[in-house]
Amino acid sequence: MKRMIVNILIVFYVIITIPITILLINYNDYGVTVIGNNTLLVPKKTDLSGYSRNSLLIVKKNIDNIKVGDKIIYYNTYSSDIVIESNKVADIIDNPKTFIVGSSSYHILDNYVIGNQKDVKSIAFLGGIISVLTSKWGYLFLIILPILILFILELYLFITEVRKKKHEKK
């Protein structure tokens, strides 16, 4: 019974560890997970008004469906710190595709656009869990440290088994 519970915990741990590692591997230059045409965002208190702080936002990037008047989510590279913002499209320029957003007339190239706010799926509370698990300290203490402890335990059990068999031969 004890072994079955341990096996269930190990399977649950692996089910959590693999997706979190995949999310970290797929970070882009701005520290955001991008898998294919989908971007996974966890809004912080200053980002993206209208969304819950601990929700996970899955934004599908489809540049061709963005029209004047749509609200887009983009990387604001005009400030010293790159932040994620959302704003209405005031105009669209082709070649290269550029979106003019807001009253301040920022020109946003299409590679800085994350997606249209119409294409956002929000999952409550999952973003908070993911942000803890993908943080430096969270990943260290909740993913790496348990693996290290299990490795040391397995190594200890292996060494004791080898010593036990060595003494039995004598």
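Biologist: Which residues line the second largest pocket?

Modeller: A pocket is found on a 1 Å grid over the protein atoms alone, as an open set of points where a 1.4 Å probe fits, with protein on both sides within 12 Å along at least five of seven lines; lining residues have an atom within 4 Å of a point. This is a predicted model, in which local features need pLDDT of at least 70, side-chain atom pairs count only at pLDDT 80 or more, and totals for chains, interfaces and linings use all residues. Residues are numbered from 1 along each chain as its sequence is written, and side-chain values use heavy atoms, without hydrogens and water. The lining consists of Arg 3, Val 6, Leu 9, Ile 10, Tyr 13, Pro 146, Leu 150, Leu 153 and Glu 154.

Biologist: Which element gives the largest share of the lining of the second largest pocket?

Modeller: Helices (H or I, at least four residues) and strands (E, at least two) are DSSP runs, numbered from the N terminus. Two elements give two or more residues to this lining, helix H1 (2–25) and helix H3 (136–169). The largest share, five residues, comes from H1.

Biologist: How much space lies in the largest pocket?

Modeller: Of the 25 residues that line the largest pocket, the closest to its centre include Val 32 and Leu 41. Its volume is the space filled by probe spheres set on the grid points, which are joined across faces, edges and corners. The value is about 580 Å³.

Biologist: What radius of gyration does the protein chain have?

Modeller: The C-alpha trace spans about 85 × 30 × 25 Å along its principal axes. The radius of gyration is taken over C-alpha atoms, and the globule rule is 2.2 Å times the number of residues to the power 0.38. A compact globule of 170 residues would have a value near 15 Å, but the protein chain has 23 Å.
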